[in-house]
Amino acid sequence: MLVLGIESTAHTFGVGIVTDERPYILSNIRDTYVPKSGGMKPTDLARHHATVAADVVSQALKEASVSIKDVDHIAVALGPGIGPALRVGAVVARTLALKFDKKLVPVNHGIGHIEIGYLTTGAKDPLILYLSGGNTIITTFYEGRFRVFGETLDIALGNLIDVFSREVGLAPPYVVNGKHVIDICADQGGKLIDLPYVVKGQDMSYSGLLTASLKAARKYDLHDVCYSLREVAFDMLLEATERAIALTGKREVMIVGGVAASVSLRKKLEDLAREWDAEVKIVPPAFAGDNGAMIAYAGLLAGKHGVFVDVENSHIRPRWRIDEVPIPWRA
Amino acid sequence: MEGLRLIKRGAESVIYEGYFLGIHAIFKKRVSKSYRDPKLDKEINEQRTMYEARTIYSVLKAGINAPAVLFVDLANFTIVMEFVEGAVVREYIDGRKFDEKGLRELGEKIGHVAGKLHKAGIAHGDLTTNNLILKDNGELFVIDFGLSKRTNDVEDFATDVHVLLRSLESVHPEAKDPLFEGFISGYSIEIPNYKEVIDTVREIRMRGRYVEERRSKASDK
Ligand SMILES: Nc1ncnc2c1ncn2[C@@H]1O[C@H](COP(=O)(O)OP(=O)(O)OP(=O)(O)O)[C@@H](O)[C@H]1O
Ligand SMILES: Nc1ncnc2c1ncn2[C@@H]1O[C@H](COP(=O)(O)OP(=O)(O)OP(=O)(O)O)[C@@H](O)[C@H]1O
Ligand SMILES: [Mg+2]
C-alpha cells in the first residue's frame, strides 16, 4: 500500500510518500517558510505554501519513483494549526483525491508526530513528550486514545525559545548547524538568574517566564539569561515528566516534535531516565520538525482501519486535540 | 537514617517508613536531580520542604485531615510526619472496578476536602488521586503539599480542580464521570460560588486548546 501525505499546518509545506513495508518512508520533501524578520503572518504562510505546493508534490513522487496513479490514498493534516495554512494543504489533497480518484484520510498533525516517533524509534509502550512550536504535551496511549497527562497552560516550549530569541535579536535563523540559538547562547553563560518556575501538577506555564526573561535581558548578561531561561523551561518540563513517570510507571520516554532535536534537552532527559531506569527514545532530526512523511505514515495506519473522509466533509480543524482522535490501529 | 524502610519513590522524593519518638512515621526526603542546575535544585527542594511543612500546619489548623508534621530537617530537605494508615486513592480506585455509588461517594469526599482547603485560603497545587489517602474508617487525608500556596485567587482554586480532573481523565477514564459528579456535589457544599470556579476551570482548559489563537498571537506582532 502506498500513501501520499500532505503537511501544511504551520510554517512547513511538506509531502511524504510511505509504504507498509520496509523501508516505509520512500520520500519526504518539504519547504519551510522563514520570514526575514518578525513572526509569521497567516496570509504570508498561505501564499508561501500555495507557491511551493505543486513542486513539492512532484518532487516527492519523483524521489519515491512512483506515479500518482500507484498511490492508494491521500492523507492530509486537517489540524490543529493555522487556518489559512491548513486550507492550502486541504485544497491540494482534495484536488488530488478528486482528479485521481483516491480516498482521503484525515490526519491529526500531533498524531502524525507521535506515530512517526513510534516508527523511527521502535518504542513499544512509552510516555510521550510532544514538544514543538505549538504544543507541549505529555501523553500516553491508553484504551483507544492518547491521554494527556500534562501540557502547557499557555504558550508552547518551542514558541517560548523562539519568541525570546527573536525579541533579543538572536534570531532568525532559529537553528544554526542543528543547534537552536538559545542553546548556543546559553552554552556561553552559566550564572543562574531568578526566573519564575511555574509547575501546576503535571502542567506548566511558560508565559510568565517569557515576560520575565525579556525583562532580565535588559539588565543582565544575555548569555546568563539564555542559560537561566533554558534551564528553568526544560526543568519545569522534566519535573512534570517525572510526575507522569511516577504516575504511569512507564519505562520508555519518547520525544517527538521539533524541540526533540535539542542537544541540551537530550542530555537532561538521559540524566532523568537513568534515575528511573528508563530509556529515552528521540525521533531523528529529519522527522522531528513538521514533515509530510509523518502525515503519510499516520494516514497509512488510519486508512488500513477504514478511517476516511469524503471530500465534501474534509473541513479543516484548527483546534483539533490529540485526545479527541480515536486510534483504532493500536490495541 | 537507620531503622528506616524505603517504601516508595515519588516524583521528587523518596519515602521511608519508621518510628520517630515512638510514633509510626513517614520520612519524606526530597532528592537532588542530576539534570538540574545545582543552585536551582537547592532552591526548589528547600522551598518545597518549607512550604509543605508550613502548609500542613495551616491545613491542620483549619480542621482538615493531613499528617501532622513531627520534625523538619531543612538542610536535608526532609520532613518527618505521621504515617497515615490507609489506601492511596489511585490504587483504591484501580482495585475496585466499577462501583458507581462508591465512586460517587468517594468523589464527594474529595470535593469536601478540596472545598475546605480552598475555604481556608489554600491551593494544593498537585491535587491528584496519588496525593489522597483513604483510611479504613472512611476518613480522607491529603498529603504532598510541596506545590501548595496561600491564596484567595479563583484561578488557583480552578487550577486545583483542573489538575484533579486531568488525573481522573488520564489515569481513571472509566471512573471519571461518577467521581467528578460526586466531587461537584461535595465541593459545592463548601464553596457557595463554586460556579465561578468551574467556569474558570473551563476557561483554563480552553486556553490550552486554542492552538490557533495562541500561535498567531505570539507571532503576529
Ligand atoms: N535543534 C533544535 N533545538 C531546539 N529546538 C528546535 C531545534 N530545531 C527546531 N526546534 C524548534 O522546534 C519548533 C518547530 O517544531 P515543529 O516543526 O515540530 O512544530 P510546529 O509546526 O512549530 O508546531 P506543531 O507541531 O505544534 O504544529 C520550533 O519552535 C523550533 O525552534
Ligand atoms: N504521611 C503519609 N502516610 C502514608 N503514606 C504516605 C505519606 N506520605 C507519603 N506517603 C506515600 O508516599 C507516596 C509519595 O508521597 P508524596 O506524594 O508526598 O511524594 P512526592 O515525591 O511528592 O510524589 P509525587 O510527586 O509523585 O506525587 C504517596 O503516594 C503515599 O503512597
Ligand atoms: Mg505526590
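1. Two residues are said here to be in contact if their C-beta atoms, placed from the backbone, lie within 7 Å. The model is a predicted one, and the points below should be read with that in mind.

2. Chain A contains an open sheet of five strands, arranged in the order β8-β7-β6-β13-β14 with mixed pairing. Its edges are formed by β8 (145–151) and β14 (279–282), each of which pairs on one side only, and neighbouring strands are turned by 25 degrees against each other on average when direction is ignored.

3. Within this sheet, β6 (residues 127–131) and β7 (residues 136–142) of chain A pair in the antiparallel sense over four bridges, and L131(A) of the sheet stands opposite T136(A) in β7(A). Helix α8 (residues 263–276) of chain A lies across β13 (252–256) and β14, running at about 155 degrees to β14(A).

4. The unreviewed UniProt entry places the feature "binding site" at H109(A), H113(A), Y130(A) and D290(A). Although these positions are spread over 182 residues of sequence, they cluster in space, the largest C-alpha distance being 12.0 Å.

5. Leaving aside neighbours within four places in sequence, H113(A) is in contact with Y130(A), V256(A), G257(A) and M294(A).

6. Y130(A) belongs to strand β6 of chain A and likewise counts as buried, with 27 C-beta neighbours inside 10 Å. With its neighbours within four places in sequence left aside, the contacts of Y130(A) include H113(A), G110(A), I114(A), V256(A) and G257(A).

Definitions and conventions. Residues are numbered from 1 along each chain as its sequence is written. Chains are lettered from A and ligands numbered from 1 in the order in which they are written. This is a predicted model: local features need pLDDT of at least 70, side-chain atom pairs count only at pLDDT 80 or more; totals for chains, interfaces and linings use all residues. Two strands pair if DSSP finds at least two bridges between them. Helices (H or I, at least four residues) and strands (E, at least two) are DSSP runs, numbered from the N terminus. Axes are lines fitted to C-alpha atoms, for helices over the stretch in contact, and angles run from 0 to 180 degrees between N-to-C directions. UniProt positions are given in the numbering used here, feature names are shortened, and annotations may be inferred rather than shown by experiment. A residue is buried if 20 or more other C-beta atoms lie within 10 Å of its own, exposed if 12 or fewer, and partly exposed in between; C-beta atoms are placed from the backbone.
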